[in-house]
Amino acid sequence: MTWSQWVWRRIGSEGQPTRAYRSQWCVKKQILDEEIFCSPEASVLLASYAVQAKYGDYEPNFHKPGFLAQDELLPKRVLMQYQMTADMWEEKITAWYAEHRGIARDEAEMDYLKIAQDLDMYGVSYFAITQNKRDTDLLLGVDAQGLHIYSPNSKLNPNKSFPWSGIRNISYSEKEVTTFTIKPLDKKKDVFKFYSSQLRVNKLILQLCIGNHDLFMRRRKVDSIEVQQMKSQAKEEKARKKVERQILAREKQMREEAERAKEEMERRLFQLQDEARLANEALLRSEETADLLAEKAQIAEEEAKLLAHKAAEAEQERQRIEATALKTKEEKRLMEQKMREAEQLAVKLVEQSERRSKEADHLKQDLTEAKDAERRAKQKLLEITKTSYPLIAAYSTPPPPPEGGDLALGSGSMRIDFKDSDMKRLSMEIERERLEYVEKSKHLQDQLKELKSEIESLKLEEQQQQAGVYSLRNEARGYPPEPPYMPHKPPYMPHKPPYMPHSNIRTTPLNHPTCPIV
């Protein structure tokens, strides 16, 4: 609010400032000019009422710190009396100003005047006087209470006072020096005379005395009907204004409450908008989360189905592996039984081969004896042939041999031929038995190898099946898969010749030229 707007609000309907405003403005000017003495506490209180009359109620959001920087509110004497900054004085004035909330501007002006009229120097007009014609060391004070005599150095405590109720008469004479005579009502008291040399001041003193005395006497008289009517009208007007102010205060309070409610509703609206925005964002996030969870649930369901399918397959595989394991155990048992039978057969063959080797040794011995006997027989035959060779040559034709000799020779040749055929037959039989034994031994070795390879393959297959069962169980439980089973590779073994139970049996055929039996 500018100064002109504030002044315009303080003028009446006829375009003139109100009486209260003029009085408050004059008293404020006298206090600031230090014409009226005012203590620091009263100065701060009066300044707070002056701010209330100018700005209205205190609004923290509108009246920011520093809003009183351009206003003159305190006398310079008060500002110089304390070592305080302008901000500190403003803080004190604002503290009192905030407590005047709800007081109208007119009431604030009247409260300002009510506080100011209690000051000692309020309403006192001072004039320089002398008690005699030569001295000018006194001051005359005229106010609504009476006349007061002051020393020039003290305007607060009068040396002598004459209330209007105790003054009988004030005389005024204009001679060489204007003389004022104050006659007390009590005749026993002395008459007080003082002098003033200025004609204009004398007339002013006289007018002030007459006016203040008339007002004093009017206050003591009973009010006339017109005055009573005026007072009643003024009282009614005051009551009406009070009611209007109360209504205005209520309306103002209701408006403030409505504004606060509006602000609260706006704040609540903004808060609800923010909450709605956050709720929408949360809803979008929840929808995204729900979609993601639905996808995850679908994936989990598919994984569950896959795991169930894998579990079923694993169960089938387990059952198959168990059946295979049982079959493998049965086959293993059968193989072990076959192996034991083969070992027993091998033992029997070994025993038979040993027996046959012994028989072969006996046969060899018989052959050796037969060969010795044949050799002896041949030598004897040669000897006989040598001794009988001349007789044969002497005769060109041999005589018929005797039956006994021919029979003996023939029997000898038949015996010799018989021995050769037995030896050949025996050697052929031995060779055939040896070949049969070699073939059986080789066949038996092949069967042993096949049995061993089948047993190894069955063991490997059983280990692989067990590893598959373990891996399926771990996969069904969610454990990481184990590395595939790598069977231990047997070390390289150089090729060995087939096992021969008796290496002392010669493999050379008996009918071979190098065979010693022939």
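## Aromatic cluster

Tyr 55, Tyr 58, Phe 67 and Tyr 97 are joined into a cluster by ring pairs. The model is predicted. In total, the structure holds 8 aromatic pairs.

Take Tyr 58 and Tyr 97. Their ring centres are 5.5 Å apart and their planes meet at 75°, so this pair is edge-to-face. It links distant parts of the chain. Tyr 58 sits in the loop between helix H3 (40-55) and helix H4 (76-81), while Tyr 97 belongs to helix H5 (residues 86-99). The two are 39 residues apart. Both are buried.

Tyr 97 also pairs with Phe 67. Here the geometry is tilted, with 6.3 Å centre to centre and 35° between the planes. Phe 67 lies in the loop between H3 and H4, 30 residues from Tyr 97 in helix H5. Phe 67 is buried too, as is Tyr 97.

## Nonpolar cores

The largest nonpolar core has 18 residues. Leu 140 and Leu 147 touch the most other members. Six elements each supply at least two residues of this core: strands S1 (125-129), S2 (138-142), S3 (146-150), S6 (178-184) and S7 (192-196), plus helix H7 (199-220). H7 gives the largest share, 4 residues.

Beyond its neighbours within four places in sequence, Leu 140 is in contact with residues including Tyr 126, Phe 127, Leu 147, Phe 194 and Ile 205. Another core, of 15 residues, lies apart. Among its members are Ile 31, Ile 36, Cys 38 and Ala 108.

## A charge over a ring

Lys 155 lies over the face of Tyr 126, at 5.2 Å from the ring centre.

Note on methods. Residues numbered from 1 in each chain as written. Predicted model: local features only at pLDDT ≥ 70, side-chain atom pairs only at ≥ 80, totals over all residues. Heavy atoms only, no water. Core = buried A, V, L, I, M, F, W, Y, C linked by side-chain atoms within 4.5 Å. Buried < 20%, exposed > 50% of the residue type's maximum accessible area, 1.4 Å probe, protein only. Contact = heavy atoms within 4.5 Å. Phe/Tyr/Trp six-rings, centres within 6.5 Å; stacked < 30°, edge-to-face > 60°. Lys NZ or Arg CZ within 6 Å of the ring centre and 35° of its normal.
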